[in-house]
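Let's take a walk through this one together. Have the viewer open and follow along.

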Amino acid sequence: MLACEKVSRWFGGVRALSDVSLDIQQGEIFGLVGPNGSGKTTLVNSITGFYPPQQGTIRFEGHTLNRVRPHRIASLGIARTFQNVALFKGMSVLDNILLGRHTFMHPSALASLFYWWWAEREEVAHRDKVEEIIDLLQLESVRDEPVEVIPLGMQKRVELARALAAEPRMLILDEPMAGMNQEEKEYMVRFVLDAKEALDLTVLLIEHHMDVISAICDRAVVLNNGEVIAQGPVLEAVRHPAVIAAYIGE
Amino acid sequence: MFYRLSGVYHTRYSATRQLWPIPADRWQIGAVAVLALAAPLYMSDLYLSSYLLPWLIFSAATLALTLLMGLAGQLHFGFGAVMAIGAYTSIHLARAGVPFELALLAAGLMAALIGCLFGAAALRVKGLYLVMATLAMQFLVDWVIVNVNAISGGAVATLQTPQVSYLFVPVASLTARYYLALLWAAIVTLLVLNIKRTSFGRALVAVRDKDFAAAVIGVNIFKYKLLAFFTSSFLGGVTGSILAFCFYQAVTPSQFNFDVTIQLVAMALVGGLGSVIGGFLGAGFVLLAPIVLLNLIARMTDAGWLNVSTTLMAHIPLMLYGAMIIGFLLFEPLGLAKIYDNARKYFLVWPFRHTQS
Ligand SMILES: Nc1ncnc2c1ncn2[C@@H]1O[C@H](COP(=O)(O)OP(=O)(O)OP(=O)(O)O)[C@@H](O)[C@H]1O
Ligand SMILES: [Mg+2]
C-alpha cells in the first residue's frame, strides 16, 4: 500500500535518512521505532510531503508522492498526527474535528453569505459524521471546550479524531502516547484498535513504548541514525541484536 | 438576569450553530436593527450624515480588513488603496452610463484582482515583509491615481459622482444614501459572521494559526491565502465605492491615502482583530475619539489653559491613533470587542463570578 524505496534526506550536512526502504501492507499496523533523533519523524514528514526526499521514491497506492504537496497527499487518503500536538488553539474541539472534514466540504465566501440556503446543509451533514467520530473516541464531554484548556491526553485524542474525520485509508501516528500515564496509554491503544476496525485503516505507528509496539503491531522497522537496522515481524525486529545495541548504546 | 444559557436547549445541529443562540442577544440585535432602520426618523440630518453614515461605511471597511488581518492573519497596510481602486472603477463606469449595481460589482472585482496581485506576495512572505508589500501597493496605487490623468482627472482634481440609482431608487437624498450604506454594512456583517461559522472561515483560521497542520488535513495554504485577499479586497472595493457615492459624493485621491489606511488598521486593531462587533466599536471609536479630543483641546485653548498651534492640532489625531494602537496592543490585544465580551459574560453568569467559556 505504502512503499518507500531507498529514501534519503539531508538537512545541511546531516543525513537524517539514508536509503530507507519499507513496504506497508493494506490493513496492517506497522511499527516504526528507533532512539531519539533516528529519523522517524523525518520519514513521516517525507511521506506527507513536508520534506520531500532528495533521493528515492515513495509510492502510495500507485501514486508517487515525491513531488506532491502536503494538502494533495491528504486528499489521497493519508492522515497523520503530530509528535507535538498541532491543534488549532482558540477553536473548540468540535471545530478542530470539523476541520478534518475539509477535503469533503466546499468552502466559499458565497456559500457562507447565503448560509441559510447553501452552507447550512453541508455544515449539518458533516456535523453528523463528526459526531460519529466523537462517539467512537468518547469525546462528548469536551465537545464544546476550547482545545487549549483540556488535558494533553485528551488533546492527543482530539488530534486523532481530526485525522479520522478525513476518512483516511492510511493513518500515521507520531508518538500518540508520549507523555501519557499507563491508563491513558491503554485508552489510546483501545481507540487506535477500535478506529482501525471501524474504519478499515492501515496504520503506521511511531512509539517509544516497546510494550505497545510489540502488543499491537504486525511488523516493524527499526531506525538508527537514519538507517534501517532491523525489520520484519514485530517481535523479531525489536529483539534484533542490532536494536538492543542501538538502544543500550553499545 | 436576561442573559441566560441555562434553559436554552437545542435539539438540532443547525440550532446550536445559529448566530445568536442566546435569546437576549437576539433581542439586542433586533433593537439595534430597529434603531438603525428608523434613524432617519429621529436623527437630525447633521448627525445622520456626519456621524452615523461614515460610521456604517467605515465599519464595513473595517470588517473587510478584519476578515483578512484577523481571520486569515495576513497583515495589510494598503487597504486605502484597495478602496480607492473600487471608488475610481465605479465612478468611471457610472459616468460611462453603466448601471450602478454593475459598477459596484466591477469595483469589487477590480479591487479584488489588483489586491490579489499584491497579495500573491503573501504566498512567499510573512509579517513585516508582507507589510512592506502591501505598503508598496498603497504608494503605487496612490502614485498611479495621482499621475494618470485619465483616472483622477488631475492631481488635485475632484470627480463628482454622477446621478445613479440603486434598485430603481435614486441615490441622491440623504435618506437613500443612508439606507444604501446600511444595506451594505448589513450584508458585510452577515457575510463575516457566516464565514466565521462555516468551513471557509475555519480554513482561514487554520492557515493563520498552524499552516502545516492545515496542510495535513488537506487545506491548500496558497489557495486560502489568495481567497482571503480576494474576498477582503472585493468587499473593500465595494465599500470604497459606497464611501464615494454615499458619503463624499465625490472622489479625490486624498480620500484614500496612507492616512486612511492607518485609520483602518487602527479601527481593526482597537476593535479587536477578527471580531465583528469589534469592527463596529473600533470604527466608531477611531472616528469619534479625535473629534471629542479636538473639541476638548479647542475649548481648553479658548479658555486660555493651553496654547496649541493649528499645525499641532492637525497632527493630534494621528498621534492619537498611534497611541491607541500601541495601548491596545499592550493592554488589551483583543480590543474593545474583548471588553464588550467581558461585560456580556459578567451578566451571563451574574450573580456568580465565573464562566467556563
Ligand atoms: N527541519 C530540520 N532541520 C534540520 N535538521 C533536522 C530537521 N528535522 C530533523 N532534523 C534532524 O534529523 C534527525 C532526525 O530527527 P527526527 O525528528 O526525524 O528524529 P525522531 O526519530 O523523530 O526523534 P524523536 O524520537 O526524538 O522524535 C535529527 O538529527 C534532527 O536534528
Ligand atoms: Mg520524532
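Helices here are DSSP runs of H or I with at least four residues, strands are E runs of at least two, and both are numbered from the N terminus. With that in hand, go to Glu61(A), which sits in the loop between strand 4 (55–60) and strand 5 (63–64) of chain A. This is a predicted model, in which local features need pLDDT of at least 70, side-chain atom pairs count only at pLDDT 80 or more, and totals for chains, interfaces and linings use all residues. Residues are numbered from 1 along each chain as its sequence is written, chains are lettered from A and ligands numbered from 1 in the order in which they are written, and side-chain values use heavy atoms, with hydrogens and water left out.

Back to Glu61(A): its phi is near 45°, a positive value in a residue other than glycine. Most residues other than glycine have a negative phi. Glu167(A), in the loop between helix 6 and strand 7 (170–174) of chain A, also has a positive phi, near 50°. Glu61(A) is partly exposed at 35% relative accessibility, and Glu167(A) is partly exposed at 40%. Buried means under 20% relative accessible area, exposed over 50%, and partly exposed in between (1.4 Å probe, protein chains only).

Now for the buried residues. Leu43(A), in helix 1 (residues 40–47) of chain A, is buried at 0% relative accessibility. Setting aside residues up to four places away in sequence, Leu43(A) touches Cys4(A), Leu17(A), Val20(A), Leu22(A) and Leu32(A); contact means heavy atoms within 4.5 Å. Over in chain B, Arg202(B) belongs to helix 9 (residues 199–209) and is buried too, at 4%. Leaving out neighbours within four places in sequence, the contacts of Arg202(B) include Asp95(A), Glu123(A), Met91(A) and Arg17(B).

What about the surface? Leu110(A), Phe114(A), Trp116(A), Trp117(A), Trp118(A) and Leu190(B) make a nonpolar patch of about 680 Å². Patch members have over 30% relative accessible area and no salt bridge, with nonpolar side chains (Val, Leu, Ile, Met, Phe, Trp, Tyr) joined within 5 Å and like charges within 9 Å. A salt bridge is a side-chain nitrogen of Lys or Arg within 4 Å of a carboxyl oxygen of Asp or Glu. Trp116(A) is in the loop between helix 4 (109–113) and helix 5 of chain A, partly exposed at 39%.

There's a negative patch as well, formed by Asp128(A), Glu132(A), Asp135(A) and Glu140(A). Glu140(A) lies in the loop between helix 5 (119–136) and helix 6 (152–165) of chain A, and is partly exposed at 34%.

Definitions and conventions:
Accessible areas come from the Shrake-Rupley method with a 1.4 Å probe; for residues, only the protein chains shown count as cover. Lys and Arg count as positive and Asp and Glu as negative; His and the chain ends are not counted. The place of a charge is taken as NZ of Lys, CZ of Arg, CG of Asp or CD of Glu.
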